[in-house]
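Please keep the sequence and the 3D view open as you read.

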Amino acid sequence: MKLIITDEQLRLLIPNVLATVEGEPTLIEKLYPYLETAEQWAIDTFVPEAIFDEIAETDSFGPNERFRYPLEKLVACHAYMTAIPSLDLVLTPNGFGIVSNQNVVPASRERVDALITSLESQRDAAIEALILRLSSRDDWRQSTQGQYFAATMFPFLNLCRRLAIREHIWDSYQQLRERLIKIESVLADTYFSHEQMQVFRSHVFTQHRSTSPLEEQVIKSLQSYELQLLTDTQVHPQCYYDLVNTIRQHPDEFPAWHTSDVAQLYTPKIFQNKKNSSAYWF
């Protein structure tokens, strides 16, 4: 493990854990294999290994401290959530048994499920915070992990809150992302071009740091239409044509669209009067 290496670190991230008595395995020893798996999952899914190592090596007052806490929280919650189903089970010669003693009563299935749900919620909040902070790093945005989030006009998990989704945020985001990719592909082919959509996504991903007011206005309108499509609400084609007209009237602000093949669909062909044509006018 690279990120969470001491029992003290882990206990700060996971509250309401009884102190370990002498002779018992520590919390980090119990969760060791789950923490290793959670770290690898974080590397594969969110943070390239080079950036992960850089964050793991920073101290509490280092330049990467703002990335470290959500990453630690993500890993700890994911590991604990994964481990919970087996933490109170022991394998005996006669099969599995529940760990218990006279002082601590095993929790009900409902309480255990509530704990897992709470850990998932905390993990997903950490994912959202981490992605928002990492989006300021060009090296992360160019990584495979960063490009996963850059694939739509909604790179952040707050997409779910905008659709009134309050539970299973990470799982829901992944499902919505797949739908958005299909929606945006159709919109690009028909109205906005893939080149211009890529520019829009870049502006959103960098949180509009270099976006003009007009570009931001078009982007927000387009995002609102996409949200309607995600909720199966029909959007009148005129809404898209209005945005296209705005783009057509401002070539300096939307050059990617004006040099695309889609732009030709909105350029009327000019009749040329030729003597050898079938319809020559005097």
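**Starting from I247**

Leaving aside residues up to four places away in sequence, I247 touches F192, F200, V218, F254, W257 and H258. Before we go further, please bear in mind that this is a predicted model. I247 sits in helix 12, which covers residues 237–248. Is I247 buried or exposed? Its relative accessibility is 0%, and since buried means under 20%, I247 counts as buried.

Two of the names just mentioned lead us to the next stop. F192 of helix 9 and Q196 of helix 10 are both among the residues that make the contact between those two helices. So let's turn to that pair.

How do helix 9 and helix 10 cross? Their axes come within 8 Å, at an angle of roughly 125°. On the helix 9 side, the contact is made by E184, S185, A188, D189 and F192, and helix 10 supplies H194, Q196, M197 and R201. Sorted by class, this contact has three nonpolar, three polar and three charged residues.

Between these two helices lies S193, in the loop that joins helix 9 to helix 10 (194–205). Just after helix 9, then, the chain takes a positive phi of about 75° at S193. Why point this out? Most residues other than glycine have a negative phi. S193 is also buried, with a relative accessibility of 0%.

Now please follow helix 9 back to its other end. Which residue there has a positive phi without being glycine? H168 does, with phi near 50°. H168 belongs to the loop between helix 8 (158–162) and helix 9 (169–192). At 39% relative accessible area, H168 is partly exposed, whereas S193 is buried.

Helix 9 itself deserves a look along its length. It has 24 residues, yet its end C-alpha atoms are only 29 Å apart, short of the 34 Å that a straight helix would reach at 1.5 Å a residue.

Helix 9 also meets helix 5, which spans residues 109–134. The axes of helix 5 and helix 9 come within 8 Å and cross at roughly 55°, so this pair is oblique too. E120, R123, D124 and I127 of helix 5 make the contact with I169, W170 and D171 of helix 9. By class, the residues here are three nonpolar, no polar and four charged.

To finish, let's step back to the whole protein chain. The chain holds 14 helices and two strands. Of its 282 residues, 41% are buried, with I247 and S193 being two examples. Among contacts with a separation of 6 or more, 65% come from residues 24 or more positions apart. Finally, the accessible surface of the chain comes to about 16400 Å², and 53% of it belongs to carbon and sulfur atoms.

How values were computed
Residues numbered from 1 in each chain as written. Predicted model: local features only at pLDDT ≥ 70, side-chain atom pairs only at ≥ 80, totals over all residues. Heavy atoms only, no water. Helix = DSSP H or I, 4+ residues; strand = E, 2+ residues; numbered from the N terminus. Buried < 20%, exposed > 50% of the residue type's maximum accessible area, 1.4 Å probe, protein only. Axes fitted to C-alpha atoms, helices over the stretch in contact; angles between N-to-C directions. Contact = heavy atoms within 4.5 Å. Nonpolar A, V, L, I, M, F, W, Y, C, P; charged D, E, K, R; others polar. Expected span 1.5 Å × (residues − 1). Areas by Shrake-Rupley, 256 points an atom, 1.4 Å probe, with all protein chains shown as cover. Parallel < 35°, antiparallel > 145°, perpendicular 65-115°, else oblique.
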